[in-house]
Amino acid sequence: MNVFGMAQLGASTVIFLLAATAAKQWALAPSLGKIVITLALYTLGNLIMLKLIRDFGMSISLSLSAVIQLVAVNVVALAFFGERLTPIQTVGVGLAIIAVALVTLGPYLQGR
């Protein structure tokens with residue numbers, strides 16, 4: 001993945017993070033405006049992901065996006081919304097990060 005692809009991945013992550021935050025806000029106090037914003041943000045994020053999938057492949061694009069979003073969403077949920085993970089959930093998040101890292105980096109670590 002080149003620098004432009006990483007920038008697109010970063011942009012989609014920020015958009016998905018905003019969408020998740022908007023979804024949480026909607027869950028706390030539902031309104032039509034919040035759901036429209038949430039759906040618009042998720043749509044924009046997915047449009048960027050479609051471009052990444054076309055340019056870099058589905059496995060790399062979605063794997064990288066998944067692990068970055070997993071970490072980012074947990075940081076927001078824990079830091080800003082006061083949510084907590086149980087010890088088992090924390091281990092699960094850690095294992096998910098390791099799993100996606102291995103799937104994503106595996107071919108490069110083995111020399112392709």
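Welcome to a predicted model, in which local features need pLDDT of at least 70, side-chain atom pairs count only at pLDDT 80 or more, and totals for chains, interfaces and linings use all residues. Residues are numbered from 1 along each chain as its sequence is written, and side-chain values use heavy atoms, with hydrogens and water left out.

**The chain as a whole**

- The chain has 4 helices and 0 strands; both kinds of element are DSSP runs, numbered from the N terminus, with helices (H or I) of at least four residues and strands (E) of at least two.
- Read from the N terminus on, the elements run α-α-α-α.
- Along the principal axes, the C-alpha atoms fill a box of roughly 50 × 35 × 15 Å.
- The chain holds 112 residues, of which 26% count as buried; buried means under 20% relative accessible area, exposed means over 50%, and partly exposed is in between, using a 1.4 Å probe and protein chains only.

**How helix pairs are described**

- Two packed helices are described by the angle between their axes and the distance between the axes.
- Axes are lines fitted to C-alpha atoms, for helices over the stretch in contact, and angles run from 0 to 180 degrees between N-to-C directions.
- Angles under 35 degrees count as roughly parallel, over 145 as roughly antiparallel, 65 to 115 as roughly perpendicular, and the rest as oblique.
- A crossing is left-handed if the near helix is turned anticlockwise from the far one by less than a right angle, and right-handed if clockwise.
- For the make-up of a contact, Ala, Val, Leu, Ile, Met, Phe, Trp, Tyr, Cys and Pro count as nonpolar, Asp, Glu, Lys and Arg as charged, and the others, Gly among them, as polar.

**Helix α3 with helix α4**

- Helix α3 covers residues 58-79 and helix α4 covers residues 87-109; their axes come within 9 Å and cross at roughly 155 degrees.
- That angle makes α3 roughly antiparallel to α4.
- The crossing in which α3 passes α4 is left-handed.
- On the α3 side the contact is made by Ile60, Ser63, Leu64, Val67, Leu70, Val71 and Asn74, and on the α4 side by Val93, Ala96, Ile97, Val100, Val103 and Thr104.
- The residues of this contact of α3 with α4 comprise 10 nonpolar, 3 polar and no charged.

**Helix α2 with helix α3**

- Helix α2 (residues 32-56) and α3 have axes that come within 7 Å and cross at roughly 135 degrees.
- The two helices α2 and α3 are therefore oblique to each other.
- From α2, Met49, Leu52, Ile53 and Phe56 meet Met58, Ile60, Ser61, Leu62 and Ser65 of α3.
- By type, the residues of the contact of α2 with α3 are 7 nonpolar, 2 polar and no charged.

**Helix α1 with helix α3**

- The axes of α1 and α3 come within 10 Å, crossing at roughly 45 degrees.
- Helices α1 and α3 are therefore oblique to each other, and their crossing is right-handed.
- Leu9, Thr13, Phe16, Leu17, Ala20 and Thr21 of α1 make the contact with Ser61, Leu64, Ser65, Ile68, Gln69, Ala72, Val73 and Val76 of α3.
- Sorted by type, the residues of the contact of α1 with α3 are 9 nonpolar, 5 polar and no charged.

**Residues to look up**

- Ser65 lies in helix α3 and is buried, with a relative accessible area of 4%.
- Leaving aside residues up to four places away in sequence, Ser65 touches Leu9 and Met49.
- The side chains of Ser65 and Gln69 are joined by a polar contact of 2.6 Å; such a contact is a pair of N or O atoms within 3.5 Å, and within protein one must be able to donate a hydrogen and the other to accept it, while residues adjacent in sequence count only if both atoms are side-chain atoms.
- Gln8 sits in helix α1 (residues 3-28) and counts as buried at 12% relative accessibility.
- Not counting residues up to four places away in sequence, Gln8 touches Ile48, Lys51, Leu52 and Asp55.
- Asn46 is found in helix α2 and counts as partly exposed at 42% relative accessibility.
- From C-alpha to C-alpha, Asn46 and Phe16 are 8.5 Å apart in space, and they are 30 residues apart in sequence.
- Ala99 belongs to helix α4 and is partly exposed, with a relative accessible area of 39%.

Notes
Contact means heavy atoms within 4.5 Å.
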